[in-house]
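Here are my notes for your review. Please read them beside the model.

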Amino acid sequence: LRMGQETSRQLSSYSSASRYDAQAGLVRSDLSLWEGVPDEVKWLVQAQVKLLISVDPNALLYRPEQLEMEQEHARELQTHEAQLASSALRDRALTPRLQRVIDQLVPHKISEAQFWANFFSHVDVIKVRLVTDFLRAQDLVTQAKKEKWSRWMSEYDNLSSELKADVKHASERICMAQPPLQAKQFELQMGFDASRLQRWRPGGEAYLDYAEDGPYEIAKVIHRRLAKRSKAAARKAQEVAAAAPAVEARVEAEESTQWQAEGRGDGAGDALDATPSPRADPSRGDAYRLTNRSSMQTSAPSTPALSHPLAMPDDADPFVFASLSTP
């Protein structure tokens, strides 16, 4: 008799699902009740929903945030609600339990539309809670792995050059230095003791090379990190090489502008101002400025200062000058 009742409810579930599909204007709904739930925790979400409809079906008389039933106005299922209802009734994880709850509550205690609204609200709360916990745990595991890999690379960088050239032996050395695993309290309560797991040791079983945190895993991390370092160094070298011509052109343009500005000077017609100042290049030092100034003075043409038209120049021969000046 019980088997016949379950079969009847299952057929009723499929019939209701077809009715909801017709209401939504679809041949068959492809929308899943477990949309957005990772496969790793889908079984847990389904188990929680089955526990809800099996142990406490009267909880579906309310929304999760309600303390008592609210008076509602009669309404029809929306299109997306009809699609989700059809998907739930066709789901093998829920039928025929879900149909049995519907027979108990609808329409004697609650309307069909309100039942599905409450049911979807409970499912959403379960999904959000479990998926959030799963994603947070994933983040913690990822962060722990990154910290462990960074520690391995730090130990690798501290090894000698000869040992770093042999990644296999370097990985074994790093593996030997790893601290033993510590069992956590919640793991012990579940009957799992991480400290009893077999780990790689020199001279041990060969298959332990591939165990978690073994030499094989460490070597993979080292090779991957070294490849990333090589790519980063090559990319940096390319950027520097590509930027070098632009930097040189900019420096030359700045120097040219500076020399032109200093060459114009302050006074028009000043011969010294038309010559680049010896102070224009501070990198050449004081010696250059003194040498340049002395060379400018010695190279200037010397004009004898004659106070009288017949005055004898200082470098002239007095006898020759006397004979030339005598009328």
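1. The lining of the largest pocket divides into eleven nonpolar, three polar and nine charged residues. Here Ala, Val, Leu, Ile, Met, Phe, Trp, Tyr, Cys and Pro count as nonpolar, Asp, Glu, Lys and Arg as charged, and the others, Gly among them, as polar.

2. This is a predicted model: local features need pLDDT of at least 70, side-chain atom pairs count only at pLDDT 80 or more, and totals for chains, interfaces and linings use all residues. Residues are numbered from 1 along each chain as its sequence is written, and side-chain values use heavy atoms, leaving out hydrogens and water.

3. The largest pocket has a volume of about 760 Å³. Of its 23 lining residues, K148, L181, K184, E212 and D213 are the closest to its centre. A pocket is an open set of points on a 1 Å grid over the protein atoms alone where a 1.4 Å probe fits, with protein on both sides within 12 Å along at least five of seven lines; lining residues have an atom within 4 Å of a point. The volume is the space filled by probe spheres set on the points, which are joined across faces, edges and corners.

4. Helix α5 (residues 112-157) gives the most to this lining, with eight residues. Helices are DSSP runs (H or I, at least four residues), numbered from the N terminus.

5. V49 is found in helix α2 (residues 39-55). V49 is buried, with a relative accessible area of 0%; buried means under 20%, exposed over 50%, partly exposed in between (1.4 Å probe, protein chains only). The C-alpha atoms of V49 and A93 are separated by 9.3 Å, and the two residues are 44 residues apart along the chain.

6. L197 sits in the loop between α8 (185-189) and α9 (215-264). L197 is partly exposed, at 41% relative accessible area.

Technical notes:
Helices (H or I, at least four residues) and strands (E, at least two) are DSSP runs, numbered from the N terminus.
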